[in-house]
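Take the stops in order, and look around each selection before moving on.

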Amino acid sequence: MASRSNVKTPKKVGDTTNSSFASLENNCYEGERLTNLFQSIRREIRSARDSDGTSLPEKIWLKQQFSIGVNDVTRVLERMKPCTELERSAQLFPLRSTNNKAPSVKLQAVLVASDCNPRWLTKHLLSLASSRSVPLIFVRDNKHGSFRLGELVQLKTAIAIGIKVKDSSINKIIEEVVQSDRFEPPPDGKN
């Protein structure tokens, strides 16, 4: 019986998953662009926390605003209803649910550390997020993207953070980021 470490899966001919994942990772936040993004998100977190007025501990409040970690992000994405092409073109980012059922958790966007090793930890997020019309925002910081993501939510590291739709100032800043990425190319062809 062959051990798992010796078994290799054959690469499919015409497999576009690897190439599309790599092309998305090439358009990631790094350097000054990443610093500006994180500063604006931190500012909005403080603002939303102050305006919320709840007496919840900081970490519990953050868990209400964000889906933290690959497993939690995956779980929330799997529970979201897949979007059809017509639904994707009709609305870019629904901040409020239009149905009268009990509200389910939805993600507006997912921040992913592009330095994740091994890669298969986050590879599934591309197809899962795209089927739910949730944009992925890759961050890279000289092999420390997971540390920078962790700082946002007061953890040592985080490979993925999903921003929950809460109609808060955090959602507004993320919507601006995603809108600017869709319609404006990066300056000088760089990220």
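A residue is called buried when its relative accessible area is under 20%, and exposed when that area is over 50%. Keep in mind throughout that this is a predicted model.

Begin by selecting Gln65, which is found in helix H3. Is Gln65 buried or exposed? Its relative accessibility is 9%, and because the cut-off for buried is under 20%, Gln65 counts as buried. Now show what surrounds Gln65: leaving aside its neighbours within four places in sequence, this residue is in contact with Gly162, Ile163, Lys164, Lys166, Ser168 and Ile170.

Next, select residues 145-152, which form helix H7, and notice that this helix is mostly covered, with six of its eight residues buried. Which residues of H7 are the buried ones? They are Gly145, Ser146, Arg148, Leu149, Gly150 and Leu152. If you then display the elements that cover these buried residues, you will find among them helix H2 (31-52) and helix H3 (58-65), together with strands E2 (107-113), E3 (136-139) and E4 (160-164).

Leu149 leads on to the next stop, for together with Ile41 and Phe66 it is one of the residues with the most contacts inside the largest nonpolar core, which has 27 residues. At least two residues of this core come from each of H2, H3, strand E1 (66-68), E2, E3, H7, E4 and helix H8 (169-183). H2 gives the most, with six residues. Select Ile41 and show its contacts: leaving aside neighbours within four places in sequence, they are Leu111, Leu152, Ile173 and Ile174. A second, separate core has 17 residues, including Val76, Leu128, Val134 and Phe138.

Now select two cysteines, Cys28 and Cys116. Cys28 is buried, with a relative accessible area of 0%, and Cys116 is buried as well, with a value of 7%. The count of disulfides in the model comes to zero.

Finally, colour the chain by pLDDT, for which the mean is 76, with 70% of the residues reaching 70 or more. Over residues 88-93 the pLDDT is below 50, and beyond near neighbours in sequence this stretch has twelve contacts in the model. Over residues 95-102 the pLDDT is also below 50, and that stretch has seven such contacts. Where pLDDT is low, the predicted coordinates should not be read in detail.

Definitions and conventions. Residues are numbered from 1 along each chain as its sequence is written. This is a predicted model: local features need pLDDT of at least 70, side-chain atom pairs count only at pLDDT 80 or more; totals for chains, interfaces and linings use all residues. Side-chain values use heavy atoms; hydrogens and water are left out. Buried means under 20% relative accessible area, exposed over 50%, partly exposed in between (1.4 Å probe, protein chains only). Helices (H or I, at least four residues) and strands (E, at least two) are DSSP runs, numbered from the N terminus. Contact means heavy atoms within 4.5 Å. A nonpolar core is a set of buried Ala, Val, Leu, Ile, Met, Phe, Trp, Tyr and Cys residues joined through side-chain atoms within 4.5 Å. pLDDT is the predictor's confidence in each residue, from 0 to 100. A disulfide is a pair of cysteine sulfur atoms within 2.5 Å.
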